[in-house]
Amino acid sequence: MNIDAHALVEKYGTPLYVYDFNYIENRYTTLKDAFAGKKSIINYAVKANSNLSVIAHLAKLGAGADCVSIGEVNRALTAGVDKYKIIFSGVGKRDDEIREALEKDILMLNLESEAEMKRVELVARELGKEARISIRVNPNIDPQTHPYISTGLHENKFGVEIDMAKRMYIYANKSEFLNPVGIHFHIGSQLTKLDPIRESAQIVADLVRSLKAIKIDIKFFDVGGGIGVVYDDEVTIKASEYTQVIFQATKGLDLTLLCEPGRYMVANAGAFFTKVLYEKNNDGKRFVIVDGGMNDLIRPSLYDAYHKIEAVNVEGESTPADVVGPVCESGDFFGKDVPLPPLEHNDLLVIHSAGAYGFTMASNYNTRAKPAEVAIENTKDRLIRARETYDDQVRLELEYLKQ
Ligand code: LLP
């Protein structure tokens, strides 16, 4: 990111999320180009970063959206995503969410259980509509990633096993109110190995073939998200290798290929800027206390995730320090034993790779206002979400306050 960080934080304050929109565009085109020659849709996983301007930026490039709540569906529509490129996934959908999704006529609802299929059929019947659906198959493959973001094993709550999926397709195909147009799998996030994707794609493509044999014609083959990114020194999956694996698995089938990348699109487009409040030394243990906290960026606390941290334009010999926030939890840290030069009040730190699952997982814990978000496009900066105020936070409570 080619920016003057000091000028940015002077203008917008800290803590601050900054996203490089040119990088996002580059990621989108790299992946889209890797699908060249095949029908494909890149359904950006909105949960990774659901800022309206981020979604709109991708929508303008032609991206669709993968959503896991009606809120996300509405964000995608508001941001200008074509309704026929929106998928509504997730293990649990309320009836009102199903109804709204059907009324809004999005591409399809992705189902994760037989019980859910019956609910969707019921709601579709009430509306007198046919629901386009896909079924999430759980291929029982170990994705070799962090257990919290692994989803493709039977021990995980996601999807249905092959035989159940087949029974569901047969049922849906007969139903007046269901139209099984798609098939889906997603085995986990931050995947750095291709083999689990290859195996899963083959298993699911074989199911498509066996459905075809009984005249159930699947049109959309959705391989989910999960392409890993570099936070530290990971060697991860290349777009072209990824698509080759999908092409091989689906050979001979006439399908539109879908994928749902979130992290791949935005993680390394984003940086989180936070200012040093002060340093402190507890019996030889060095702490750098900053103005951002776990409520702003929870990945290190929640998953022990690594994010590279650097001081911006500060000279001096580095020694290890824990970078911690002001939240009242020992888990409120961004990094442990991070090599940093001596720091003073108002020095600036940058926490890298913060574009995915950063702001979207932020909370108001400790009544801390959520940070502002800024986009950089062609070296120009613009605010894409204002810093929250105290008034924003108490708005839904104040009118009920009895004195
Ligand atoms: N599709 C489905 C059905 C998903 O469940 C997910 C992510 C994605 C696509 C996008 O996956 P991606 O391409 O971003 O890996 N909060 C965690 C990640 C949770 C991922 C949940 N599902 C983190 O910060 O690492």
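Threonine 379 sits in the loop between E16 and strand E17 (380–385). Its phi is near 65°, a positive value in a residue other than glycine. The model is predicted. Threonine 379 is exposed, with a relative accessible area of 61%.

**Backbone geometry**

- Most residues other than glycine have a negative phi, and most peptide bonds are trans.
- Threonine 367 is not a glycine, yet its phi is positive, about 45°.
- The loop between strand E15 (348–351) and strand E16 (372–377) holds threonine 367.
- Threonine 367 counts as exposed because its relative accessibility is 51%, and the cut-off for exposed is over 50%.
- Threonine 379 has a relative accessible area of 61%, so this residue is exposed too.
- The peptide bond between threonine 14 and proline 15 is cis, with omega about -10°.
- Proline 15 belongs to the loop between helix H1 (5–12) and strand E1 (16–20).

**Ligand site**

- On the side chain of aspartate 66, an N or O atom is 3.3 Å from a nitrogen atom of the ligand.
- Serine 189 places a polar side-chain atom 2.4 Å from an oxygen atom of the ligand.
- Glycine 226 uses its backbone: an N or O atom there lies 2.8 Å from an oxygen atom of the ligand.
- The ligand alone exposes 580 Å², and the protein buries 91% of that.

**Helix H6**

- H6 covers residues 114–127, 14 residues in total.
- From first C-alpha to last, H6 reaches 20 Å, close to the 20 Å expected at 1.5 Å a residue.
- Which residues of H6 are buried? They are Glu116, Met117, Val120, Glu121, Val123 and Ala124.
- What do the buried residues of H6 pack against? Their helix partners are H5 (95–103) and H7 (162–174). Their strand partners are E5 (108–111), E6 (131–136) and E7 (178–184).
- Glycine 128 follows H6 and has a positive phi, near 65°.

**Glutamate 97**

- Glutamate 97 is part of helix H5, one of the elements that the buried residues of H6 pack against.
- Is glutamate 97 buried or exposed? Its relative accessible area is 7%, so glutamate 97 is buried; the cut-off is under 20%.
- Apart from neighbours within four places in sequence, glutamate 97 is in contact with Ser69, Ile70, Phe88 and Gly92.
- Glycine 13 is 84 residues from glutamate 97 in sequence. In space, the two are 37 Å apart, C-alpha to C-alpha.

**Serine 50**

- Serine 50 lies in the loop between strand E2 (40–45) and helix H3 (52–61).
- Why does serine 50 count as buried? It counts as buried because its relative accessibility is 14%, and the cut-off is under 20%.
- With neighbours within four places in sequence set aside, the contacts of serine 50 are Ile55, Arg75 and Thr360.

Definitions and conventions
Residues are numbered from 1 along each chain as its sequence is written. This is a predicted model: local features need pLDDT of at least 70, side-chain atom pairs count only at pLDDT 80 or more; totals for chains, interfaces and linings use all residues. Side-chain values use heavy atoms; hydrogens and water are left out. Helices (H or I, at least four residues) and strands (E, at least two) are DSSP runs, numbered from the N terminus. The expected span of a helix is 1.5 Å times one less than its number of residues. Buried means under 20% relative accessible area, exposed over 50%, partly exposed in between (1.4 Å probe, protein chains only). Contact means heavy atoms within 4.5 Å. A polar contact is a pair of N or O atoms within 3.5 Å; within protein, one must be able to donate a hydrogen and the other to accept it, and residues adjacent in sequence count only if both atoms are side-chain atoms. Accessible areas come from the Shrake-Rupley method with a 1.4 Å probe; for residues, only the protein chains shown count as cover.
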